[in-house]
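Hello,

Here is the structure for your files. My notes follow below it.

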Amino acid sequence: MRNYIEEIYQNVQLQEGPTAIEQFLVHCYFQPGMPTKELVRKLMLPVPVATAIKKELIRAGALQATNGLACTEDGRAYTENVLGFGGLDRKLFDRLMQDEAAWKIELPELSQELRQILSRRPQANVQLDQAKCTAETSLRRAILCLRNHALVGKKILCVGDDDLVSVSLALLLKRLFPGKEVASGRIEVVDIDERFLQFITEVAKQHALPIRCHRADLRQPLPKKLHRQYDCFFTDPPYTLQGMSLFLSRGISGLQKRKGLPIFLSFAHKSPDFALRMQQQFVQAGVSVREVISHFNEYEGAQMLGGKGQMIVLATTEQTAPIVEHAFTEPLYTGEEARSQRLYRCQKCAHVSKVGAREQVATIEVLKSKGCPRCRHARFALIARRPSNRD
């Protein structure tokens, strides 16, 4: 079957990239008879660009202009079989696309199922800056992916996935395509933590989800087999500037060389100076900021983050390239960078324990598992945080 999107993009070479052509065709598939002016408004395209796309799609035989724009039989077949929309629950899709909060009404069973799955995930390793997002946040990320036209028929990479976004994405796909044996989309995970990789793999087997996991230390370049094949990626990196740059770079290595591909970057709210340095890194990586959603992410017990984080949606450009291409040897995680020491008081006997990357007990999770060295009680209160006094 002809690849209308690539064929037309090669003919027209739109600055907006091939994604604009794809979205134009998909809108005509779902809403036949729509006037060009309405499509211009929905897709936020300049009128000359929309007109050029329309003419090329009609010339190629994918669209017809009769009482508005609609797909031809070939255009419908292409949208269903190549773009992956065949077998879709169109009513649910329309509700989720039109109302970003519709999932609360439309997906109660999926939301409950996800909460049960996430309640069993491994304990967060704060040395790796892991902070578990809530089940609602994980599902909202999947909905955001859908609404950015980056889920159905797409190949998605999760660069680190202690939040189990891969599971949310796959469960949403399964719900959107009831009864379809072969999933209309593919999700892959790259992470260093074997516990999460094993857990995600087990969940995928139990629920027949299209997820594949790869173990990799992201301090090293992304494995060659994962280069240049994904349509978007998710990452919730260490909350340091170098951590953000590294995970962004590894994700970019996995993306197809194509303009307009979305990048979903979750990150802590930071100071204006830090935010400026982040934006300078975006410019260096050649990605544009499409949207910033404050307080989008909620985390379980993430006191240092205030329990909230922002979602930054980026988009690839002609200049997109990894900032870091080789092995990374600098401090990466917050504990490595800050070298902080935290003091915890036992809530039973008041004994104070030191916790930190350079202490005998590295994390509060380890302290809880061992118990208070004096009375073995497992509940503690944070009473101070200060720079480590060790060299």
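How many disulfides does the structure hold? Zero, counting a disulfide as a pair of cysteine sulfur atoms within 2.5 Å. The sulfur of C71 is too far from its closest cysteine sulfur, in C28, for a bond: the gap is 6.0 Å. C71 is also buried, at 4% relative accessible area.

A word on provenance. This is a predicted model: local features need pLDDT of at least 70, side-chain atom pairs count only at pLDDT 80 or more, and totals for chains, interfaces and linings use all residues. Residues are numbered from 1 along each chain as its sequence is written, and side-chain values use heavy atoms, leaving out hydrogens and water.

Next, the nonpolar cores (buried Ala, Val, Leu, Ile, Met, Phe, Trp, Tyr and Cys joined through side-chain atoms within 4.5 Å). The largest has 81 residues. F24, L96, V167, L169 and L176 touch the most other members. Beyond four places in sequence, F24 is in contact (heavy atoms within 4.5 Å) with residues including L39, L57 and K54. Another core lies apart, with 34 residues, among them F274 and V324.

Last, helix α12, residues 241-254. Helices are DSSP runs of H or I, at least four residues, numbered from the N terminus. 13 of its 14 residues are buried, so α12 is largely enclosed by the rest of the structure. S249 sits in this helix and is buried at 0%. Beyond four places in sequence, S249 contacts P322, I323 and V324.

Best wishes

How values were computed. Buried means under 20% relative accessible area, exposed over 50%, partly exposed in between (1.4 Å probe, protein chains only). Helices (H or I, at least four residues) and strands (E, at least two) are DSSP runs, numbered from the N terminus. The expected span of a helix is 1.5 Å times one less than its number of residues.
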